[in-house]
Amino acid sequence: MTYRRAVLPALAGGLLLTALLWWAGASAHALHLPGATGMLGGQAAAELEHWLTPWSYDPPASAQFSTEVSAGIGGAAGTASTNYLALYATALQIRFGAVFVFFVTGALLLVRRLPPVHGRMPAALLALWAWGVVAGALAVTVSAPWLIASGGRGSYRFLPQLASVISSGRQVLVVTALVAAALTVFIARVTAKGAGPLPQEAVPARAARLAATAATAVIALSLVVLSYQPVAAALQGASPGIGLFAEPGDLLRQWLLLGAWAGPGGAPLGAWLLYRAGDVLLLVVVWWVLRRLPGLLTRVTAPAMAAGAVCATVLGLLASQLLRVAVDGADSSLRWDLLRLLAGIGDGVPAALVWGLVAGCAAALMLRAAVGRAEITDATTPVEDSARLG
């Protein structure tokens, strides 16, 4: 699919994702109403407010209080408070603008290389859903410095504050990104009509398996090795540097670890194995998606493989988290328990972005090398056969 046909669905999906996030943030204040508290319950309303606040233009009470205290007394306090609130509004403007830009950029590539036609529609929908979550996480990251500065504590433990801001707002993204992906796929399917038959590369099965295995090994490095509790604790405790960039442990953990696990300890072995099934599911999803991806792409390129690997890692992460929600909530039926269990949905997306990019590059290199070897073998085999016959 050409960029001319892909730009309309990408723009429509980006606009819808931005509008849905803005609407979700604007609805946060409604949870303070007595009717909402009575219907949902105090704890559930507070949890939902915590999810929606990162996308709301109304700053939390803690931010308003900190600006007033740090500004001093009298007229100067009011001026400083206004400036801090303006910084907060700027952070949200950057956040919403970045969501739109990041989603459109990735959606253009995905819709062009993975158009939702000829059996590719489910794959395109899942890829765009995962990319919407990644776009939101990137937008939160880009706007985080302004948000931190609006609290009046930009020079105090900057990196831990940055890690805290980046980890917020992910639960809403999972839902809104799915809706935006559905609209993008629908419009892309319409614009693809009349474009003629789209190419589909023939990739040897062995080459695809080798590429998927290499990429999965990269993901396993984070999920199995770095996420092991002693190694993760060493990353968490790392503190090189002083001043503004001291205490990077929280930030490193967030961008490098896809999970966290330890030995069975005092837990029953069966329960421990059941909980580790989520990690196995993540690796299985990544391998299976990357095994099929080269055959679905209209053209196998390094950017397409990298974007596909990022989406595959995010999908595997979401699948593992949903499995753990099902395991943990098997005996739970209360709304508050469900919200508490879903609070971990979307964790690890920054790490999925980092390791997905590395895994995608590894898959592209392995795929190119394997296909090259296969072509050389095919070219030399007839010569060898004829020599034997002679």
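Residues are numbered from 1 along each chain as its sequence is written, and side-chain values rest on heavy atoms, with hydrogens and water left out. Because the model is predicted, local features need pLDDT of at least 70 and side-chain atom pairs count only at pLDDT 80 or more, whereas totals for chains, interfaces and linings use all residues.

The structure holds 4 salt bridges, a salt bridge being a side-chain nitrogen of Lys or Arg within 4 Å of a carboxyl oxygen of Asp or Glu. One of them joins the side chains of Arg 157 and Glu 247, at 3.1 Å from N to O. Arg 157 lies in the loop between helix H6 (121-150) and helix H7 (158-166), and Glu 247 in the loop between helix H10 (229-237) and helix H11 (249-256), so this pair ties together parts that are 90 residues apart in sequence. Helices here are DSSP runs of H or I with at least four residues, numbered from the N terminus. Arg 157 is partly exposed, with a relative accessible area of 36%, and Glu 247 is likewise partly exposed, at 33% (buried means under 20% relative accessible area, exposed over 50%, and partly exposed in between, with a 1.4 Å probe and protein chains only).

Arg 276, Asp 279 and Arg 324 are linked in a network of salt bridges. The closest N and O atoms of Arg 324 and Asp 279 are 2.4 Å apart; Arg 324 lies in helix H13 (residues 302-328) and Asp 279 in helix H12, so the pair ties together parts that are 45 residues apart in sequence. Arg 324 is buried, with a relative accessible area of 15%, as is Asp 279, with 12%. Arg 324 also lies over the face of Tyr 275, at 5.1 Å from the ring centre, where a charge sits over a ring if NZ of Lys or CZ of Arg is within 6 Å of the ring centre and within 35 degrees of the ring normal.

The count of aromatic pairs comes to 3, where rings of Phe, Tyr and Trp (its six-membered ring) pair if their centres lie within 6.5 Å, and planes under 30 degrees apart count as stacked, over 60 as edge-to-face and the rest as tilted. The rings of Trp 55 and Phe 96 have centres 5.9 Å apart and planes at 50°, so the pair is tilted. Both Trp 55 and Phe 96 are buried, and together with Tyr 57 they form one aromatic cluster. Arg 95 lies over the face of Trp 55, at 5.7 Å from the ring centre.

The largest pocket has a volume of about 740 Å³, which is the space filled by probe spheres set on grid points joined across faces, edges and corners. A pocket is an open set of points on a 1 Å grid over the protein atoms alone, where a 1.4 Å probe fits, with protein on both sides within 12 Å along at least five of seven lines, and lining residues have an atom within 4 Å of a point. Of the 37 residues that line the largest pocket, those closest to its centre include Gln 321 and Asp 347. H13 gives the most to this lining, with 6 residues.

Methods: Helix = DSSP H or I, 4+ residues; strand = E, 2+ residues; numbered from the N terminus.
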